[in-house]
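Subject: Structure handover

Hello,

Here is the structure I promised to send over. Please open it alongside this email, and then read on for what turned up.

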Amino acid sequence: MRNVVSRFLKSDRFDPIKAMVGGLLVTMAIFGTLGYNLWAMQKSFDKLVSVDFALRKLTDQVVYLDELLTMSARLAVATGELRWQKRWESKLEPIDNAIKEANKIDQAAFKTAGAEQTQKANDTLAALETAAMEKLNKGSKQDAYDIMFGKEYEENKRLHKGGMDLINESIEKRLVNQISEVNQKLILIGALLATSLGLMMLAWGVVIYLVKHQATQQALVLASERKAKEAQEEVVKQLQEMDKIKDAFLANTSHELRTPLNGIIGLAESMVDGAAGQVTQVQKENLDMIVSSGKRLASLVNDILDFSKLKHKDIELQLKAVDMRSISDVVLAFSKPLLAGKPIQVINAIPSHLAAVRGDENRLQQVMMNLVGNAVKFTESGRIEVTGKQNGDMIEITVSDTGIGIPQDKFERIFESFEQADGSTARQYGGTGIGLAITKKMVELHQGKIWLTSEVGKGSQFTFSIPLSTEAAAPPTSTIARVELEAEAASEEAAAAFEGNVPPDAVPQSATKDTATQDSPQKSKSKSYAPSGQPERARILIVDDEPVNLQVLSNHLSLNNYQIERASNGVEAVDRIKRGEKFDLILLDVMMPRMSGYEVAETIREKFPASELPILLLTAKNQTSDLVSGFEAGANDYLTKPVNKSELMARVKMHLLISRVNAAFGRFVPKEFLSILGHENIVEVVLGEQIMKNMTILFSDIRSFTTLSEGMTPKQNFDFINGYLGRFGPVIRKNEGFIDKYIGDAIMALFPSRPDDAVQTAVDMLSELKLYNEHRESSGYPPVNIGVGIHTGNLMLGTVGEAQRMEGTVISDAVNLASRLESLTKKFGIQAIISEDTLDGLSPQSKFDSRFLGKVKVKGKTKMVTVYELLSGQDPEILDKRMGTKPQFEKAVNLFFSKSYGEANVLFQQIVAADPGDKPARIYMDRCAELLVSDLVA
């Protein structure tokens, strides 16, 4: 049996799912049948109980009514009153109805012996009762009595009651019998149900056993397969981890090699240029060899890094139309020094009319460098030729040589990583064996192919295809042999932008990253930078944790007459800037301990915008995401390590020029004005921009400037005004304000933050005026007096003009009022007036002294303006007098405006007597006298 079951389990006919579903359906059918039978039995039983209950109830009712009838009849006989007879007759109908109802329910209930006895007794009783009533009607009361209370009546009454008892007993017995039958059926159904459950459990047990057995067999198979797969995955995982470790090692090692390479190349180049003194011709040749060797090593490092990027698919192509003939010119020009005296003719035979390709210029240049470099390496004599042709929608470029050639069985392997045509060539010619692997990947990234034909001893021809471009090619922007020319061009374009010949946004912002590792073999003499109107040397801060990098950059920059400052980490650089040291440009390394270059840039940008203090990042990380992070941190530009000297100088000169251009613009349009409009650079401002803002306005003007000006020449006038303004401009900026405009000798300044700043500026201006007058008097010049008006309110800032000429301006009634308040200082003979709005806006902590000056009606205002005299900033002696008479003065002013001129006049006279120099009190006193006289005359 076990074998049969086993064979059945292994056969295709057994389906565990179908078996379980079938068992479930059979079980549901059995339970459905049993349930229906139980429901039917319950209905029948309920009906039987209800019928028997109704019969019992009716028999009880018949007995009860019969007792009432007997009682009524006897009362009628005993009392002799017929009304009891009528009562008896009324009970006959309910008895008949009850018996009829019982017959309707179950006629068999009254066909028993009890029913027959009851009927007979009932008939006899009825006859006796009728006879008694007849006797009673005839007046034979005693005869009626004898009949109703006689022995015969009592005996039939007993028989009637006994019959009813027998009927009830019969009904009860019938009910018991039927309940017994129901119980027997229930027992039978229970037995059937138990049997069904047992069979069902047995069936389920068989199904579960079969399913479990099959699942166990399948689980064993799956477990075996999973174990084998896990072992295989573990091996693959280990291999992948080892591959990642290898790639990481290559990438990290190559990355770390860049720093010492930067030092070697940079120091050698700076020594060739005379950074450490004049060098002899022999020394120069040796240094050139060091530079050349360093750049060769840098190129190998770049190959390894590119190999790692290609494996992880981190390279993104910058596709555009590229002229392959121009690329070949650059590559062949750079490769000539590699010939080392070999009798090799290098030919660029790509037709000048060949269509452009669509590709990444730098990566195609790298492909050409690898192919031409290999041709030079493995060719001792003959020629190297580059040709090109169009084939359908592809351009095919071929690099041919007359070198050692490659065996045909090596054609496929030569494009694999770390593979060369023959092991001996590695020892004879050197190389890493990844150049062609990178070349193949680069070509495939361009949706092209690469292949070769070669014959040992006769040479090789490497051909690759690149998709055709639908656009015309622009002049090449890559910088291998042309980096010196681009450096000069960048410098000239930046200078042109400074002079206004080209727009600033046309100045190149960055060069290609290949300039970091390549340089022209032809050296050009560096030019020092000294912008017109800026005789002082530019101050540059270099931040790098590598001393060799600091030295290289210092050597390069010091040759161009820059003032160089160094910081060995980001924390030191930030500390120096926070201490207030001023720099024109910062060269900032990215990877530094404690504080990265990104963090340093973000900290600097909290104080200096990019247009004011440019930051050039120095980084070996040139991935797009890294560069974007640098720009988001606040960098203006970046240089890739190892830094190319010519590119460094071009970038530095360009950004210094741009920075100074921005600084020049800032002297005409305040940066605070731009900031309020939501801009960082003036280039972003457009005509018609405006914003509403609550500010405090300060107007300051020189008293009697026209009189002073008449006695001076034009040059003296401008020298005087510039000397005066040069003293008060810093005072305004120190107190968080900015000068909106100069109106001749007048100053209009805005304070966006607090009215306190403007009031403090007025106090400081009065203090500075004392020093300025002391200087003028010592030089034989008369002193200068000024007036200051301050008001706080809403004003509109924006740009006005037209497309070719616009300027920033402020439009508001608040500006007009501040100007009027300054004019009032002349009438009152005082130095500073502030409005009530300004006074109310002062912080509770402010300690400025002032006094109520009155209410005045100024031009352009319909309502009276409440003004106060600013007392702070006065000489201590004068301030003490004014503060001593302040309560009397303010009381007198209030009396004046309430037209109590007499009382006000008395108080003003007392004030003038105590302080004869109080000009506002004297003016009010004279005015009170005039008004009193006019009142008398009237």
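Start with Met796. Its relative accessible area is 37%, so Met796 counts as partly exposed: the value lies between the 20% cut-off for buried and the 50% cut-off for exposed. Please keep in mind that this is a predicted model.

Met796 sits in strand β16, which covers residues 786–802. It also belongs to a nonpolar patch on the surface.

Is Arg703 buried or exposed? Arg703 is buried, because its relative accessible area is 16% and the cut-off for buried is under 20%. You will find Arg703 in the loop between β13 (690–702) and α19 (705–710). Leaving out residues up to four places away in sequence, Arg703 touches Leu708, Asn785, Ile786, Gly787, Glu822, Thr825, Lys826 and Ile830.

Next, strand β11, residues 615–619. Here 5 of 5 residues are buried. In a regular strand, side chains alternate between the two faces of the sheet. In β11 both faces are covered. Ile615, Leu617 and Thr619 are buried on one side. Leu616 and Leu618 are buried on the other.

β11 has strand partners too. Which strands pair with β11?

- Strand β10 (residues 585–589) runs parallel to β11, joined by 4 bridges. Asp589 has Leu618 of β11 as its bridge partner.
- Strand β12 (residues 637–640) also pairs with β11 in the parallel sense, over 4 bridges. Here Leu618 has Leu639 of β12 as its bridge partner.

Last, the overall figures for the protein chain:

- The chain has 938 residues, and 43% of them count as buried.
- Its secondary structure comes to 26 helices and 20 strands.
- Of the contacts with a separation of 6 or more, 72% are between residues 24 or more positions apart.
- The accessible surface is about 50,000 Å², and carbon and sulfur atoms account for 55% of that.

Best wishes

Conventions:
Residues numbered from 1 in each chain as written. Predicted model: local features only at pLDDT ≥ 70, side-chain atom pairs only at ≥ 80, totals over all residues. Heavy atoms only, no water. Helix = DSSP H or I, 4+ residues; strand = E, 2+ residues; numbered from the N terminus. Buried < 20%, exposed > 50% of the residue type's maximum accessible area, 1.4 Å probe, protein only. Contact = heavy atoms within 4.5 Å. Areas by Shrake-Rupley, 256 points an atom, 1.4 Å probe, with all protein chains shown as cover. Pairing = 2+ DSSP bridges. Patch = residues over 30% accessible without salt bridge, like charges linked within 9 Å, V, L, I, M, F, W, Y side chains within 5 Å. Salt bridge = Lys/Arg side-chain N within 4 Å of Asp/Glu carboxyl O.
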